[in-house]
Structures are given as structure tokens and as C-alpha cells.
Amino acid sequence: MTPPRSRPGGRLVRPYVVTEGRAHPSRGTLDLVTLLIAAVGPSLAGLGPEKRRIAELCRPGALSVAEVAGHLSLPVSVTKVLVADLLDSGHIVTLAPVPAALPSDARILQEVLDGLRARL
């Protein structure tokens, strides 16, 4: 179980309070390495302290979901819920991680190896 965390002023806040009782983000596309960038334009007025902090952290440049969670001292699952809310409201945009390369054809790799051996 996740221990409660302190907000400025010493008040303890449980993660389910921060996410308004939700356990899952509205989007299933967020990964630990998904990059978050603050959108230009939307006002931060009306955002809760955690959401505002996420937007402020992402203003100077891109941060990953994992980095934001670390800065906020929140579990990644809670951070994903908050980030999804900010995506839905237009405060944050994302850059998906680069997909992993497909395995190479063994025949091509063997030809490259044979070519290198022939030159040495």
C-alpha cells in the first residue's frame, strides 16, 4: 500500500484523493518513457496543485512520465492518471517513445559478418 504523502503545510494526502478516486488513466497509451511537454496557451487556473506542478515541470522542456513521478514523489500509477487528465484538458502534449527496432534478418547479419571477416 502506498503511504500517504505530505503536501506543503504538512497535510497528508492519500493518492486516491489526488486522483479523485480513480485508479486508471483515461488513456492507456502512457508509458514510463513517454515524453510530456506543456502546451502553450491553456491557463493553469482551476488546476489542482499536483496538476499545476506537472504543467510547470514540463514548461522548460520535455520530461518523461517517470521523471515527473519522481519530482512529485508520487507513484507512477497516480502520475499517469493526472497526466491523462492534463492531456484531456489540453494542458500537456506527448511524444511517444521511439518503437523498438525489429529483429534483423539473420541472413543479412551473416552476410555483414562474412564481409567484415573478408576485409580483415
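Let me begin with a question: by about how much of a helix are Arg107 and Glu111 separated in helix H5? This is a predicted model, so please keep that in mind as we go. The two residues lie 4 apart in helix H5, which covers residues 106-119, and that places them about one helical turn from each other. Arg107 forms a salt bridge with Glu111, with the closest N and O atoms 3.0 Å apart, and Glu111 is partly exposed at a relative accessible area of 47%. Arg107 also meets Asp105 in a salt bridge, at 3.6 Å from N to O, and Asp105 is again partly exposed, at 38%. Through these shared partners, Asp105, Arg107 and Glu111 are joined into one network.

In total, 3 salt bridges are counted here. Another of them pairs Asp85 with Lys51, whose closest N and O atoms are 3.1 Å apart, and this pair links distant parts of the chain, since Asp85 sits in helix H4 (residues 76-89) and Lys51 in helix H2 (residues 49-57), 34 residues apart. Asp85 is buried, at 14% relative accessible area, and Lys51 counts as buried too, at 16%.

Finally, let us turn to the strands. An open sheet of 3 strands has the order S4-S3-S5, with antiparallel pairing, and its edge strands are S4 (63-64) and S5 (92-95), each of which pairs on one side only. Strand S3, residues 35-38, is joined to S4 by 2 bridges, and Leu35 stands opposite Ser64 in S4.

Terms used. Residues numbered from 1 in each chain as written. Predicted model: local features only at pLDDT ≥ 70, side-chain atom pairs only at ≥ 80, totals over all residues. Heavy atoms only, no water. Pairing = 2+ DSSP bridges. Salt bridge = Lys/Arg side-chain N within 4 Å of Asp/Glu carboxyl O. Buried < 20%, exposed > 50% of the residue type's maximum accessible area, 1.4 Å probe, protein only.
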